[in-house]
Amino acid sequence: MDEIVLDSYAKINLALDILYKRDDGYHELNTIMQQIDLKDRIIIRNRNKGIHIQCDNKDVPLDENNLVYKAWEKIKEKTGINRGIQITIEKKIPVAAGLAGGSSNGGAVLKGLNLLWDLKLSDEELMAIGKEIGADVPFTIMGGTAWAKGIGERLTRLNSFSGKMVLLANMGIPVSTEWVYKNMDLKSINKRVDIESLIRYMEEDDLLSLAKNMENVMEAVVIEKYPQIERIKEDMIKFGALGSLMSGSGPTVFGLFDDEEKLHRCKKELEKKIPNVLVAKTI
C-alpha cells in the first residue's frame, strides 16, 4: 500500500469546565466531547524520506508546528521506522476555531500510518502516542461521545449521541487556546459545570434539557474580547436553537436543533453577518 485516504472529524464540547492549573503547567479539565460529521480529508502517500505537507488553506502551517508533522515524528520515534511521507490536507474545519481540527488531523495521520505501514498498533497505543502531541488527539482517535478529564486524555466513552442537528457559526477570527488559558481568572469561577446532569440528559435523550444547561467556562474571557460571540448565541436561540454554546476555546459557536426548518432559517439569518456558517450532525 502506497497511499491511504482518511476522514478527519471535528469535535464540539457540550460542556467544559476548568478545575485548576496543574503543577505541570497544564489545566485540569472536566468536559464532554462530541464528534461531528464536519470533516477534513487527509491523503497520506509514502515517499523515500522526509515529510512534505500541503494544504488548501493558507492559515495551516506546513512545518513542525502542524500536528500531522508531530504525528509522523512520534510514530517514527516509537516504532524505529524511518520512512518519508507526503500529506495532503483538504480543509473544511475552520482553523483555530475550538473544533479540534489540527488535533483531528494529527490523530488521522497516526491512524493512517498505522495502516499504511502495517504497524498493528491498537487504538489504546495510538491514543497514548496522541497524548504526547496534543491533549485532544486521543479523543479524535477514539471518536464518538466521551467524558474527558485530566488534560482531556482520560476518556470515558458515553452512550452514542449521534444524529443530532448542529449549526456552527465561525467569525473567521482565529483564537489561540494558549491566549485563552493565559487570560482566564480561575478564581472568578464560582459555579462548577454540572457534567453528571448533562450526561444523564444525554442518556435519557433529553435534548432540550441538555441544550438549555450546556456551559463553557472559557466563554467569559473570549466574549470579553469578542462580544459578537454573545450576539451569535442570542441569534441562535432567537431563530430556533434549543441551546447555544461556544465550543472549546472558541470562537466557533454552535446551536443544537430539533427542527430542520428552523436550523436552515437560522443559517440563512446568520449568513447575513458571519462568513462561515455550517450544518453538521453528531456522530
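Which helix does Ser103 lie in? Ser103 belongs to helix H2, residues 101–116.

This is a predicted model, in which local features need pLDDT of at least 70, side-chain atom pairs count only at pLDDT 80 or more, and totals for chains, interfaces and linings use all residues. Residues are numbered from 1 along each chain as its sequence is written, and side-chain values use heavy atoms, with hydrogens and water left out.

**View 1. Ser103 sits buried in helix H2.** Helices are DSSP runs of H or I with at least four residues, strands are runs of E with at least two, and both are numbered from the N terminus. The relative accessible area of Ser103 is 12%, so the residue counts as buried (under 20%; exposed is over 50%, partly exposed in between, with a 1.4 Å probe and protein chains only). Ser103 touches Leu67, Asp136, Val137 and Thr140, leaving aside residues up to four places away in sequence. Contact here means heavy atoms within 4.5 Å. Lys92 is eleven residues from Ser103 in sequence and 14 Å away in space, C-alpha to C-alpha.

**View 2. Helices H1 and H2 pack together.** H1 covers residues 67–79. The two axes are 8 Å apart, at an angle of about 35°. Axes are lines fitted to C-alpha atoms, for helices over the stretch in contact, and angles run from 0 to 180 degrees between N-to-C directions. From H1 come Leu67, Val68, Ala71, Trp72 and Ile75. They meet Gly102, Ser103, Asn105, Gly106, Val109, Leu110 and Leu113 of H2. Eight of the residues in this contact are nonpolar, four are polar and none is charged. Here Ala, Val, Leu, Ile, Met, Phe, Trp, Tyr, Cys and Pro count as nonpolar, Asp, Glu, Lys and Arg as charged, and the others, Gly among them, as polar.

**View 3. Helices H2 and H3 cross at roughly 135°.** H3 spans residues 123–131, and its axis comes within 10 Å of that of H2. Leu110, Lys111 and Asn114 of H2 make the contact with Leu126, Ile129 and Gly130 of H3. Three of the contact residues are nonpolar, two polar and one charged.

**View 4. Four strands form an open antiparallel sheet.** Their order is S8-S9-S7-S10. S8 and S10 (276–281) stand at the edges with a single partner strand each, so one side of each has no neighbour in the sheet. From one strand to the next, the twist averages 20°. Strands count as paired if DSSP finds at least two bridges between them. S7 (residues 165–170) is joined to S10 by six bridges. Asn170 stands opposite Asn276 in S10. Helix H9 (residues 228–238) packs on the sheet and touches S7, S8 and S9. Helix H10 (residues 260–270) lies across S7, S9 and S10, at about 5° to S7.

**View 5. Strands S8 and S9 form a hairpin.** Six residues lie between the two strands. In the turn, Gly248 has a positive phi of about 55°. Four bridges join S8 to S9 (residues 253–257). Met246 has Val253 as its bridge partner in S9. Both faces of S8 (residues 243–246) are covered. Gly243 and Leu245 are buried on one side, Ser244 and Met246 on the other.
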